[in-house]
Amino acid sequence: MVPHLVTALNGPLLDLERRILDATPAIERWFRLEWQEHTPPFYCSVDLRNAGFKLAPVDTNLFPGGFNNLPLEVLPLAVQAAMAAIEKICPDAKNLLLIPERHTRNAFYLDNLARLATIMRQAGLNVRLGTLDETVTEPVTLPLPDGQGLVVEPLERSARRLGLKNFDPCSILLNNDLSAGVPPVLENLHEQFLLPPLHAGWAVRRKSNHFGCYDEVAKKFAKFIGVDPWMLNPYFTRVSDIDFTERSHDEALADAVDAVLKKVAKKYREYGIDDRPYVVIKADAGTYGMGVLTVHDASELAGLNKRERNRMAVVKEGLQVHDVIVQEGVQTFEHVNEAVAEPVVYMIDRYVVGGFYRVHASRAPNQNLNAPGMHFVPLAFEHTALPDVHAKPGAAPPNRFYMYGVVARLALLAASVELEKTDPEAILV
């Protein structure tokens, strides 16, 4: 279950590993104290990039849809974490309503829902699925890859609560990222727990807010263990009022690209890194690898053709892109069977429950791997997440996977701070 790691760590990242391993007890206590101040999202996945000289999160998803890619061996960890999360929210919870994406015909996504439902049932909950698709008026059975079926039912809304026919849930678990907006059926719920909250969806959430919070968390953690925050943190900036089809604010975007590239180049010179810096331009809201562009020089923006501009202008659910982040590109030096790979870490509550490598045989180390043609290789965190302090630094998979878990939890902590800062009820107060 442990993929072959082609390259051993060296240079700055090797020093980072040593510092993290030496400080493991202090790090775990640091996290424990942070979780006394902040409440983690119910679940989360983090895309990491390991460049060999830095390890940083490049995306944090609060509606993870790849539980089917986790190895079966980690299910006990996931169940225990789900139990801990539910006990904090609603100790006497009996029923859980799981709300998926509207379009649930994708076999891999259905497998994810089945795995997620299994985890929650093993945590002691009756689980049923309700769809936001208003065209579904009767229960529908969707076929799973293993030949079984997944029943999706129409929602029933009362004045204060949401449920299904003959099913009144204590908690509602969203596996829909609300890219199309917040549906009225989810608003003004009372006496029920909505997980994650509505402002965690892309109708409200912004990547620039998240990475602003991550910047704060990374600086605090880096100071704690005595390393350069850049080792854990990609530079970024935000550009607003973009119109890719009309070439509106192209100059502002080019200036932002140039500014981030100069900051990265300065760090490369500081650490003697010979690679060419690049940035990734991303829609400030959205997921699924859409609205992503890799740029090595600001002049490349002027040469974008109509197709490339149209691809940047629209993301999931047909939403127009007007705000972007320009993020430092972090290449990946990880390979699985000679194909480029990046680790993805899954968490429930504050616990790492598993992960996998996203692998793409047709992509380069500096390209977006969340694209058609990708596949997944599970990481058995139940065997590999505990560090081996006696192993040779830079070579042992458990030590590298432990680092993945530490940095992923930093992104999780940043997400909790982000949700606190953007909570509409807290803002009103």
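## Burial of strand β16

Buried means under 20% relative accessible area. The model is predicted. By that cut-off, ten of the ten residues of β16 are buried. The strand spans residues 339-348.

In a regular strand the side chains alternate between the two faces of the sheet. On one side of β16 sit Ala-339, Ala-341, Pro-343, Val-345 and Met-347.

## Partners of β16

β16 runs antiparallel to β17 (residues 351-360), with nine bridges between them. Val-340 stands opposite His-360 in this pair. Two residues separate the strands in the hairpin, and Asp-349 in the turn has a positive phi of about 55°.

β15 (residues 335-336) is also antiparallel to β16, through two bridges. Here Val-336 faces Ala-339 as its opposite residue. This hairpin too has two residues between its strands, and Asn-337 takes a positive phi near 50°.

## Strand β1

β1 (residues 43-50) joins β16 by five antiparallel bridges. Val-46 has Val-345 as its bridge partner, and Asp-47 stands opposite Val-344.

Eight of the eight residues of β1 are buried. Tyr-43, Ser-45, Asp-47 and Arg-49 point one way. Cys-44, Val-46, Leu-48 and Asn-50 point the other way.

## The β1-β2 hairpin

β1 also pairs with β2 (residues 55-61), antiparallel, over six bridges. Leu-48 has Pro-57 as its bridge partner in β2. Four residues lie between the two strands of the hairpin, where Gly-52 takes a positive phi near 90°.

How values were computed
Residues numbered from 1 in each chain as written. Predicted model: local features only at pLDDT ≥ 70, side-chain atom pairs only at ≥ 80, totals over all residues. Heavy atoms only, no water. Buried < 20%, exposed > 50% of the residue type's maximum accessible area, 1.4 Å probe, protein only. Pairing = 2+ DSSP bridges.
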